[in-house]
Amino acid sequence: MEIAEDSKVRSTCLSRQVGAVIIKDKQIIATGYNGAPAGAIHCTDIGYCIRKKRGIPSGQGLELCRAGHAEANAIDQCARRGTSCEGATLYVTTQPCVFCCIHIIQSGIKKVIFKGEYPTGLGLQLLKESGIEYSKYEEALEEERRNAEVKHQKEMERVEEFLNNPPEY
């Protein structure tokens, strides 16, 4: 998640900076941030966000936005390089919108870990229906801590067994 946080500083969106990282087999296969498509003019270049200028609330009027979302940009980066997302995990600094959830499902990503919340529940519903595991980052950290404790306990039991029954060489 820290790498996703670092990625979002490259965002050219004036409304919200979002970063994403796709991990597969313990390797980073793509990063993404929200911003205009390659070669297009960015909101940071023109100095305003058309949605903000028109008073459109967050999560609405996305068809007016120049920026591609971080999740979709990371998935597109994989597609451009011919790298499969099948079975990968996506870390993103904001809960994915419904459109990004559709991209996530279609790309084969199997797990999503996100921070915050987005003003629509349909995206998470689609992930759930499609069998995509998802969780909030804080919950994922707690689960990881619990798993580490269980793993440590099993290792300590193994060491104790070894010490109580040392092998003969």
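**Packing around Ile22**

Ile22 touches Gln27, Ile28, Ile29, Ala30, Ala74, Ile75, Cys78, Cys85, Ala88, Thr89, Leu90 and Ile109, leaving out residues up to four places away in sequence; contact means heavy atoms within 4.5 Å. This is a predicted model, where local features need pLDDT of at least 70, side-chain atom pairs count only at pLDDT 80 or more, and totals for chains, interfaces and linings use all residues. Residues are numbered from 1 along each chain as its sequence is written, and side-chain values use heavy atoms, with hydrogens and water left out.

Next, the core. The largest nonpolar core has 21 residues, and those touching the most other members are Ile22, Leu90, Ile104, Ile109, Val112 and Leu127. Such a core is a set of buried Ala, Val, Leu, Ile, Met, Phe, Trp, Tyr and Cys residues joined through side-chain atoms within 4.5 Å. Buried is under 20% relative accessible area, exposed over 50%, partly exposed in between (1.4 Å probe, protein chains only). At least two residues of this core come from each of β1 (19–24), β2 (27–33), α4 (70–81), β3 (89–92), α5 (98–107), β4 (111–114) and α6 (122–129). Helices (H or I, at least four residues) and strands (E, at least two) are DSSP runs, numbered from the N terminus. The largest share, 4 residues, is from α4.

Which residues of α5 are buried? They are Val98, Cys100, Cys101, Ile104 and Ser107, and they pack against α4, β3, β4 and α6. After α5 comes Gly108, with a positive phi near 95°.
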